Every structure is written in structure tokens, then in C-alpha cells.
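Please keep the viewer open while you read.

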Amino acid sequence: SVLVAPVTEELAFRAILYNVLREWCKWMGMEFIGNLFAVLFTAVLFAALHQRTSVYLLMTCGAGVVYGLVRWRTDNVVPAMASHFAYNATVLLFLDH
């Protein structure tokens, strides 16, 4: 779960959906907000699908924004996967007792 979730979720959210949203913004003539829209939309959807409590919702939305910004700045999903893996591993090691 610590390795599989980051890979599959980042492929779904920050590779496939991110690119679809960016291309949709281009098609709608809103290319200037494409990356930002993709980052925010995928983060909110990511958080909604991980919702347990309101605090957890905010934490996962923040994490989703970070993963999205990493994806945007590097133009590569692999660093986002690594960030997601590091977050999950940290939670497992230190918080999930």
C-alpha cells in the first residue's frame, strides 16, 4: 500500500487527469490557467476520495496540491510519486500506530 498507492494514484490524478484537464483548458481557450486548474481540481478530487474527517480532508487536499505543484514544476509524474511515497511512509512509520 505504501508503494502501490502512490504509483497508481499519481498515475490516475497527476498523469492522466492532470493532462486531460490541461488539454481541456487549452481547448476552451483558457490555456493560461490550465496548470493551476489541473493542480487544484486534482487535489480537491484526491482529497474527496480520501475523506475520513474534515481535518484529514484538508491534509489530503494540501498534500494533493503539493503533488500537483511538483508535477507542474518538473513536468514529470515520477517526482510526485516519490513525494507521495515519502508522505505515506512517514505516516506509516510515525503516526499510524
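## Ground rules

This is a predicted model, in which local features need pLDDT of at least 70 and side-chain atom pairs count only at pLDDT 80 or more, while totals for chains, interfaces and linings use all residues. Residues are numbered from 1 along each chain as its sequence is written, and side-chain values use heavy atoms, with hydrogens and water left out.

Which residues of H4 are buried? They are Ala80, Met81, His84, Asn88 and Ala89. These residues cover an arc of only 165° around the axis, which puts them on the same side of H4; the arc is that of the directions from the helix axis to the C-beta atoms. An α-helix has 3.6 residues a turn, so residues three or four places apart point the same way. Buried means under 20% relative accessible area, exposed over 50%, and partly exposed in between, with a 1.4 Å probe and protein chains only.

The cover over the buried residues of H4 includes helix H1 (4–27), helix H2 (34–49) and helix H3 (54–74), with contact meaning heavy atoms within 4.5 Å. On the face turned away from the buried side, H4 carries the exposed residues Leu93 and Phe94.

## Aromatic pairs

The structure holds 4 aromatic pairs (ring centres of Phe, Tyr or Trp, the last by its six-membered ring, within 6.5 Å; planes under 30 degrees apart are stacked, over 60 edge-to-face, the rest tilted). Phe13 and Phe46 have ring centres 5.4 Å apart and planes at 85°, so this pair is edge-to-face. Phe13 lies in helix H1 and Phe46 in helix H2, so the pair ties together parts that are 33 residues apart in sequence. Both Phe13 and Phe46 are buried.

Trp24 and Phe37 have ring centres 6.0 Å apart and planes at 35°, so their pair is tilted. Trp24 is partly exposed at 39% relative accessibility, and Phe37 is partly exposed at 29%.

Notes. Helices (H or I, at least four residues) and strands (E, at least two) are DSSP runs, numbered from the N terminus.
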